[in-house]
Amino acid sequence: MAAFTPLFIDGQHVPATGDATYEVRNPLTGDVVGTAAAATYEDSVSAIEAAHRAFKTWKKTTLDSRRDIFNKAADLLAGDKYKAKIAIALKEEVAATPIWGYACWLASQGDLRAAAPMIERLRGEYFPSSTAGGHVQVRRKPWGVVFGIAPWNAGPALAFRAISCAILCGNTVVLKASEVTPRTHAVVAELFEEAGLPKGVLNFLSISREASPELVSKIIAHPLVRHVNFTGSDRVGKIIAVEAAKNLKPVVLELGGKAPAVVLDDADLESAAKAIIWGSMINSGQVCQSTERVIVQRGVAEALATKMVALAQNVRAGNSYTDGAKLSAVFSEPAAESIINLIKEAQSEGATVLLGDVTRQGTLVQPHIVKNVKKGMKIWEKETFGPVVVIAEVDSLEEAVEWANASDYSLTSAVWTQNIDRIEAVAPEINAGFTNINGPTFHRESLIAVHGFGGASGYGRFDVDAFTEKHVLVTHLRDRQYPGVF
């Protein structure tokens with residue numbers, strides 16, 4: 001019998017109003033692997049109101065008690081129970097490979113443990129006032145109810161990110177799961193319930209694909225919702241930004257990527273090729289940090305491409321649980337068709353396919369490497385979100401920077417060179433929140449979330465500054481003078 005995922009509102013696991021549900025299907029097999037409660041607006045309001053009630057007391061909890069809950073959650077997550085839950089949910093809901101399920105579980109632990117020490121930044125500031133004898137306190141106050149929207153591709157890790165800093169800062173959260181991964185995201189609520197998070201501090205909604213646009217708009221507009229965060233595509237991110245702007249609410253957006261790997265002619269090509277193929281193919285390229293563009297100096301372009309093809313041709317998409325494939329399906333047939341169409345269009349405009357047959361088998365897309373790609377081609381401009389990497393050749397360092405920045409995306413990047421002077425000439429000039437030197441574009445530090453520099457990669461940070469407001473208290477001397485009147 002397919003698993004059922006209920007809503008979690010005010011500490012209770014409940015069905016949706018009217019017992020409405022929707023089916024969840026495995027993208028590789030098409031099998032129904034679960035049903036989820038399909039929340040209504042009535043359910044959404046119940047979650048918001050529960051979060052608002054909980055905020056009145058949660059914001060007053062001690063910093064140490066919040067930190068202790070997060071540390072306990074991290075300890076619980078490290079156990080076999082949650083390791084298995086995450087692995088099974090990701091396997092069934094998104095056809096994740098075993099290594100991807102393990103990576104998501106491991107990354108989630110790291111993020112929880114890294115989040116807990118952020119509590120120290122909430123202790124405020126104290127300094128003398130500009131008025132003689134007075135003093136100033138700056139306290140960080142939570143916003144209130146935060147609406148977090150998590151994506152499907154790295155389910156647990158990005159759901160934890162949607163809620164962790166917000167809750168640590170004293171906010172309460174309504175978390176909307178991806179309609180693709182309700183069971184994966186529900187693990188987050190279950191974990192924090194077991195760790196002792198008070199009821200109402202975290203509420204969980206699953207909403208059907210059909211109902212999401214209208215309900216998300218209404219939730220953002222609700223007067224008790226004070227802050228919004230979203231991780232996902234730039235197309236949907238624009239919609240979320242507009243809805244937040246209509247209601248003058250702050251929003252954090254972590255959107256798409258078209259990460260460039262700049263390979264200079266003194267680079268270690270063997271290492272660069274490995275990092276590029278791993279960074280472009282892991283999870284079938286369905287990561288916002290995926291290496292989508294390789295910008296290489298002409299003198300080593302052919303050698304690098306040869307090494308990339310040799311590595312990628314040993315990587316195959318299939319069913320990793322039955323045939324040992326390293327890659328699995330992309331998340332839907334329309335997504336697979338879009339990937340193939342981007343490659344076909346590039347071919348028609350002069351690009352050359354070095355690896356791949358430019359076909360799909362249902363939701364399976366094999367690795368593709370495409371060269372002679374030019375600025376202005378759709379495959380250069382648009383995030384493929386598939387196992388595809390394109391190559392462009394340049395001559396100078398200046399041209400390499402120009403091509404790296406020829407994108408609306410600004411999330412992450414990499415530079416490959418063995419010359420420290422060239423690192424300084426190129427890396428700081430790339431318009432990206434992260435630049436990895438001699439490493440993969442798919443990398444971040446636990447204490448520093450990947451963030452865009454604007455454009456199609458979004459803006460804002462999942463940090464204390466985003467999820468608190470500064471409240472300034474100025475204490476004046478009793479005998480202060482008021483010249484001009486008294």
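Helices (H or I, at least four residues) and strands (E, at least two) are DSSP runs, numbered from the N terminus. The model shown here is predicted, so local features need pLDDT of at least 70 and side-chain atom pairs count only at pLDDT 80 or more, while totals for chains, interfaces and linings use all residues. Residues are numbered from 1 along each chain as its sequence is written, and side-chain values use heavy atoms, with hydrogens and water left out.

View 1. With a relative accessibility of 34%, Arg-226 counts as partly exposed, a class that lies between buried (under 20% relative accessible area) and exposed (over 50%), computed with a 1.4 Å probe on protein chains only. From Arg-226 to Pro-98 the separation is 128 residues in sequence and 38 Å in space, taken from C-alpha to C-alpha.

**View 2. Helix α4 and the helices that pack on it.** Two packed helices are described by the angle between their axes and the distance between the axes. Axes are lines fitted to C-alpha atoms, for helices over the stretch in contact, and the angles run from 0 to 180 degrees between N-to-C directions. The axes of helix α3 (residues 80–94) and α4 come within 9 Å and cross at roughly 135°, which makes α3 oblique to α4. For these classes, angles under 35 degrees count as roughly parallel, over 145 as roughly antiparallel, 65 to 115 as roughly perpendicular and the rest as oblique. Helix α2 (residues 63–77) also packs with α4, at an angle of about 160° and with the axes 9 Å apart, and α2 and α4 are therefore roughly antiparallel to each other. The crossing of α3 and α4 is right-handed, whereas that of α2 and α4 is left-handed; a crossing is left-handed if the near helix is turned anticlockwise from the far one by less than a right angle, and right-handed if clockwise.

View 3. In the loop between α3 and α4 lies Ala-95, which has a positive phi of about 55° although it is not a glycine. Ala-95 counts as buried, at 6% relative accessibility. Asp-10, found in the loop between β2 (7–9) and β3 (12–14), is likewise not a glycine and has a positive phi of about 55°. Asp-10 is partly exposed, its relative accessible area being 22%.

View 4. Rings of Phe, Tyr and Trp (its six-membered ring) pair if their centres lie within 6.5 Å, and planes under 30 degrees apart count as stacked, over 60 as edge-to-face and the rest as tilted. By this rule the count comes to nine aromatic pairs. In one of them, the rings of Tyr-102 and Trp-105 have centres 5.6 Å apart and planes at 50°, so the pair is tilted. Both residues lie in helix α4 (residues 98–115), where Tyr-102 and Trp-105 are three residues apart, about one turn of the helix. Tyr-102 is partly exposed at 39% relative accessibility, while Trp-105 is buried at 8%. Elsewhere, Phe-70, Phe-160 and Phe-192 form one aromatic cluster. The charged end of Arg-161 sits over the ring of Phe-462, 4.3 Å from the ring centre, and that of Lys-218 sits over the ring of Tyr-41, 5.2 Å from its centre; here a charge sits over a ring if NZ of Lys or CZ of Arg is within 6 Å of the ring centre and within 35 degrees of the ring normal.

View 5. A disulfide is a covalent bond between the sulfur atoms of two cysteines, and is counted here as a pair of cysteine sulfur atoms within 2.5 Å. A search of the whole structure finds zero disulfides. Cys-104 is in no disulfide, and the cysteine sulfur nearest to it, that of Cys-288, is 12 Å away. Cys-104 counts as buried at 3% relative accessibility, and Cys-288 counts as buried at 10%.

**View 6. Helices α9 and α10.** Helix α9 (residues 269–281) packs with helix α10 (residues 298–312) at an angle of about 50°, with the axes 9 Å apart, which makes α9 oblique to α10. The crossing of α9 and α10 is right-handed.
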